[in-house]
Every structure is written in structure tokens, then in C-alpha cells.
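Good morning, everyone, and thank you for making time for this.

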Amino acid sequence: MLGIIACILAHAFLTRLVPGRSAVTLFLVSGTAVGIALTSWAFRTYGPATIEFVAAVLVYAAFCELYLFLFTLTLTSVSANILVRLWDGPKTQSELDGLYENAAMVEARLTRMRAAGMVRTEVGTLQVTQRGKRIVRSYRFLRTLFRHV
Amino acid sequence: MTGPWVVFGLGCILVLLHLTFYLVLLRDWPALKNEKAIFLSHCGSFAALVFAAAASCILVPGEQMVKAALAALALHAIYSMSFLELWSLSQSSYSIAMLDAIEEQPDLNTEALTARFAATGKQKKEARLLGLERMGLLRRGRGRLELARRGWVAAALLLALRFIAKLGHTG
């Protein structure tokens with residue numbers, strides 16, 4: 001539990017210390033650092049081949065994954081963003097349409113992909129980088145695996 | 001000493017069986033080709049493990065058994081979250097679908113990409129609004145959309161997460 005709280009606090013600290021960097025990257029940094037500390041502590045306290053060690057590591061990993069899933073949801077999910085927008089008060093359909101204007105949604109995603117190094121613009125056209133190509137290959141493999149095609 | 005490891009081992013076997021069953025039999029099953037059904041299949045498996053873990057803790061009380069149960073549940077949670085995220089991303093990720101389109105058609109510019117995905121964006125938005133209403137998070141009243149009671153709780157949690165991770169408005 002202390003490890004999970006430390007991880008969240010470390011993430012909150014890093015996002016304020018280094019604004020503008022990807023929140024996901026900063027979480028991977030803070031989560032890994034706290035994870036290494038927790039694993040070392042559990043190793044020294046319980047030993048490696050004990051159920052206590054396995055439980056400590058797995059429970060921490062599960063909470064990290066849940067936290068990562070939840071805050072990336074707030075970052076990219078249309079549904080999550082609609083709920084947050086409505087916190088300020090009721091909105092008409094056209095007000096929400098204005099907030100989620102189609103071109104803006106595409107541009108927001110392109111901006112994130114450029115920042116993540118997946119796409120670049122060359123001579124006015126969009127090009128996928130090597131990193132982006134690896135993601136596309138994984139995407140196509142998963143679509144075949146899950147029979148989405 | 002072996003009791004806790006048996007419980008953890010059963011958790012590992014359940015995860016392997018669930019994945020194997022899906023890959024060998026269920027992934028071509030039409031009833032499982034939607035998000036809700038896949039989610040429920042994982043919930044069912046997790047619920048079975050919760051029951052088994054609770055039973056083991058009652059039958060063999062002790063701190064080690066509780067930790068073994070937690071370890072098994074955490075393992076299943078990691079498996080299910082990873083599976084569901086990958087399943088969902090590969091089915092309906094707007095961003096990755098755009099990346100795939102750019103890779104397939106190297107002469108696309110921003111305007112052409114927007115034109116191609118604008119209709120998808122509109123459908124996505126409308127589908128999400130309907131989904132949120134069905135889940136009781138939103139309601140329509142006097143020509144406007146507003147948060148329902150559950151929606152206030154969900155929005156508060158999302159805002160708390162945004163505050164912690166210092167995220168701005170996106171979507």
C-alpha cells in the first residue's frame with residue numbers, strides 16, 4: 001500500500017517538476033523507481049521464493065497498471081472528457097459538438113502522435129516513423145490475433 | 001507452507017486456461033466479438049477466482065493464505081486489464097487507426113486525413129453519448145445534456161486523476 005501511495009505521489013511530483021513531458025513517460029519513471037525500491041525491500045524482508053514477495057510485487061504491478069489505465073483514459077477517452085466537460089454545467093448537443101469538432105479531434109491525435117515520435121510531416125505529407133511502423137505492425141498483429149479483421 | 005502456493009498455482013492455471021480457451025475456441029465465436037461480452041468473460045473468470053480465494057482463506061485461515069489469494073487475484077487482474085486494453089485498442093483505437101491509414105497511404109496530408117476520419121469521429125462521439133446515457137452517467141433534460149448522479153461521481157474521480165497527473169483538457 002505504501003508503495004502504491006509513493007508511486008502516485010512521485011508521479012504527481014514529477015508532472016509538476018517537469019511540465020510538458022508525457023505523463024505516461026513520467027509515470028513509467030516513477031513507477032519503475034518505486035517498483036525497484038519495493039522489490040528490493042520485499043526481497044530483503046521476505047526472501048525471493050516466498051509468497052509474501054510474490055504478493056507484494058504482483059499487487060503493486062496490478063495497481064500500477066490500473067492507475068496507468070485510468071489516467072490514460074482521462075487523457076484520451078472521448079467519454080471521459082465529455083463527463084469532465086459537463087462538470088462545469090449542462091451543455092447542449094451543439095455546444096458539445098463544438099468542443100469535439102471532428103477536425104480538432106483528428107488534429108489533437110496527430111499532435112500527440114508527433115510528440116510521441118510516431119509521425120512526422122515531410123513536404124506537406126504525413127510520414128510514419130520507424131517507431132510508428134512498429135506500432136502499426138503490432139496493431140495489425142493484434143487485429144489478426146483477436147479476429148477483428 | 002504448500003497451501004498458499006497451491007492457491008497461487010490455481011490462479012496461474014486459471015489465467016492460462018482462460019487465455020488458451022479464448023485463443024483456441026472463443027475468438028471466432030460471434031457472441032464474443034463485442035467489448036461487453038469480452039469484459040463479462042473476464043469478470044466471470046475473476047469472480048470464480050475471488051470465490052475460490054475466499055473459500056481457501058476460510059478453510060485454511062492464516063496470513064500467508066490471504067497473501068496467496070491476493071497474489072492470485074493481482075495476477076488475474078494484470079492479465080485481464082492487459083487483455084482488455086489490447087483487445088479494445090486493436091478494435092477501436094482512433095489514433096492507431098489513423099496511424100495505420102498514414103502507413104498504408106504515404107501521400108496523405110492533414111486535410112485528407114481529417115476528411116477520412118471526420119465521419120468516424122462524429123460516429124464515435126454519438127456512440128459515446130448514447131453509451132454514457134445507457135450507463136446512467138448522463139441524462140438529457142430541457143434540450144441539454146447533464147451529469148446524472150453516477151456521472152458526478154465518475155467526473156469527480158476523473159478530475160482527481162487529472163489533478164494528480166496534471167493533465168489538461170484533451171480528448
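This is a predicted model: local features need pLDDT of at least 70, side-chain atom pairs count only at pLDDT 80 or more; totals for chains, interfaces and linings use all residues.

Let us begin with Leu158(B), which sits in helix H6 of chain B. Is this residue buried or exposed? Leu158(B) has a relative accessible area of 10%, and because buried means under 20%, we count Leu158(B) as buried. If we leave aside its neighbours within four places in sequence, its contacts are Thr74(A), Ala80(A), Leu83(A) and Val84(A).

Three of those names, Ala80(A), Leu83(A) and Val84(A), bring us to helix H4 of chain A, where they are listed among the buried residues together with others, including Val78(A) and Leu86(A).

In soluble globular proteins, nonpolar side chains tend to be buried together. Here the largest nonpolar core has 33 residues, and those with the most contacts inside it are Leu83(A), Leu110(A), Ile102(B), Leu113(B) and Leu138(B). Both chains take part: among the elements that each supply at least two residues are H4, H6 and strand E3 of chain A, and H4, H5, strand E2 and H6 of chain B. The helix that gives the most to this core is H4(A), with six residues. As for Leu138(B), its contacts beyond four places in sequence include Leu83(A) and Leu86(A), as well as residues of chain B such as Leu132(B), Leu145(B) and Leu147(B). There is also a second, separate core of 15 residues, which includes Ala55(A), Ala62(A), Met65(B) and Ala68(B).

Finally, let us step back to chain B as a whole. Chain B contains six helices and two strands, and along the sequence they follow the pattern α-α-α-α-α-β-β-α. How does its radius of gyration stand beside that of a compact globule of 171 residues? The globule would have a value near 16 Å, whereas chain B has 21 Å. Its C-alpha atoms fill a box of roughly 65 × 45 × 35 Å along the principal axes, and 40% of its 171 residues count as buried. Chain B also carries 18 positive and 12 negative side chains, and the centres of these two sets lie 12 Å apart.

Note on methods:
Residues are numbered from 1 along each chain as its sequence is written. Chains are lettered from A and ligands numbered from 1 in the order in which they are written. Side-chain values use heavy atoms; hydrogens and water are left out. A nonpolar core is a set of buried Ala, Val, Leu, Ile, Met, Phe, Trp, Tyr and Cys residues joined through side-chain atoms within 4.5 Å. Buried means under 20% relative accessible area, exposed over 50%, partly exposed in between (1.4 Å probe, protein chains only). Helices (H or I, at least four residues) and strands (E, at least two) are DSSP runs, numbered from the N terminus. Contact means heavy atoms within 4.5 Å. The radius of gyration is taken over C-alpha atoms; the globule rule is 2.2 Å times the number of residues to the power 0.38. Lys and Arg count as positive and Asp and Glu as negative; His and the chain ends are not counted. The place of a charge is taken as NZ of Lys, CZ of Arg, CG of Asp or CD of Glu.
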